[in-house]
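This report covers the aromatic rings of one model and the charges placed over them.

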Amino acid sequence: MTQNVLLEAKNLVKEFPVSRGRGKQTVHAVSDVNLTIYEGETLALVGESGCGKSTLGRLLIRLLPATSGEVFFQGAKITAMKEMEFAPYRRQMQIIFQDPYASLNPRMKVLDIIAEPLVTYGLAANKKELENQVMELMDLVGIPREFRNRYPHQFSGGQRQRIGIARAIALQPKLIVCDEPVSALDVSIQSQVLNLLKDLQEQRKLTYLFISHDLSVVKFIASRVCVMFLGTICEIGGTDELYEKPLHPYTRFLLDAIPQADPRLRSQEKEILTGEIPSPVNPPSGCRFRTRCPYARDICSQQAPPCKTVGNRQVFCHFPLG
């Protein structure tokens, strides 16, 4: 079955200049990333904190300008567009933020928060129609209609995230970047929000870029997984295949670090990833993972690993695991 490409990134780079003392340095947040997102899928971005996941997500929907590289949305090169030209595409790409409280205006009622994008794009003919659309969105995400005049501080964390989801789907987008959408929530609430996201995806034919460091959550919701380390991609593949047999050493270490609920499995000996994460200001030459990789050889310090295709997967490693 042929999948339609929704978004494609080519050689995407993001660098941040920083000042330290009298000198200026550069943070290499995202380095030469190539990525494809297909219509209707949930592609997860995973990796340790500071690996560039959130920065990449924002680059893809132009919340951050790219230093270099290109992003295509439905075939259109959005990185080259001026703001007026990009405006129709903006409504097709939305984001759900990690902290639901920080992303909501504390001075606005929930009715006005959800209505704001509808007003901005003139999608309601009058006040009554606007209110009806907001009520329907509240129904979709499970917020009682009688709460429409409450303020964000009067809701729980899970309810606030539902409000954020309602706002994100208000414009009927095609792509939603979910930036750690459940990491700030209690475990009991996480499953409810994840199930809501899956239901909305089915109902509205949504495509998700799901950013997370929680591999247990990713296994539940993602159809494909992209593993990142220090601004570069290590491995991309189907969720089941990747979890069953990781090809990149870093992927294997991440999977081995997942806590085991079964006491009988906890006693299994696993190799622990050692060493400090290299600085993005001065990343290692060649393979950026090599300073922590027990399998690194001389070539790993001399050349960046090429992209190797193994079955339906891509792995960026000189010596993929067998």
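## A buried ring in a strand

The model is predicted. F229 has a relative accessibility of 2%, so this residue counts as buried, the cut-off being under 20%.

Burial also applies to Y250, because its relative accessibility is 0%.

## Aromatic pairs

The structure holds 5 aromatic pairs, counted by centres that lie within 6.5 Å. One of them joins F147 and F155, with 6.0 Å centre to centre and 70° between the planes, an edge-to-face arrangement. Both F147 and F155 are buried.

Another pair is formed by F229 and Y250, whose ring centres are 4.9 Å apart. Their planes meet at 65°, so this pair is edge-to-face, since planes over 60 degrees apart fall in that class. F229 belongs to strand 9 (residues 224-229), while Y250 belongs to helix 9 (residues 249-256). The pair therefore ties together parts that are 21 residues apart in sequence.

## Charges over rings

Two contacts of a charged side chain with a ring face can be described. R62 lies over the face of F86, with a distance of 4.2 Å from the ring centre.

For F220, the residue over the ring is K198. The charged end of K198 sits 4.5 Å from the centre of the F220 ring.

Key: Residues are numbered from 1 along each chain as its sequence is written. This is a predicted model: local features need pLDDT of at least 70, side-chain atom pairs count only at pLDDT 80 or more; totals for chains, interfaces and linings use all residues. Side-chain values use heavy atoms; hydrogens and water are left out. Rings of Phe, Tyr and Trp (its six-membered ring) pair if their centres lie within 6.5 Å; planes under 30 degrees apart count as stacked, over 60 as edge-to-face and the rest as tilted. Buried means under 20% relative accessible area, exposed over 50%, partly exposed in between (1.4 Å probe, protein chains only). Helices (H or I, at least four residues) and strands (E, at least two) are DSSP runs, numbered from the N terminus. A charge sits over a ring if NZ of Lys or CZ of Arg is within 6 Å of the ring centre and within 35 degrees of the ring normal.
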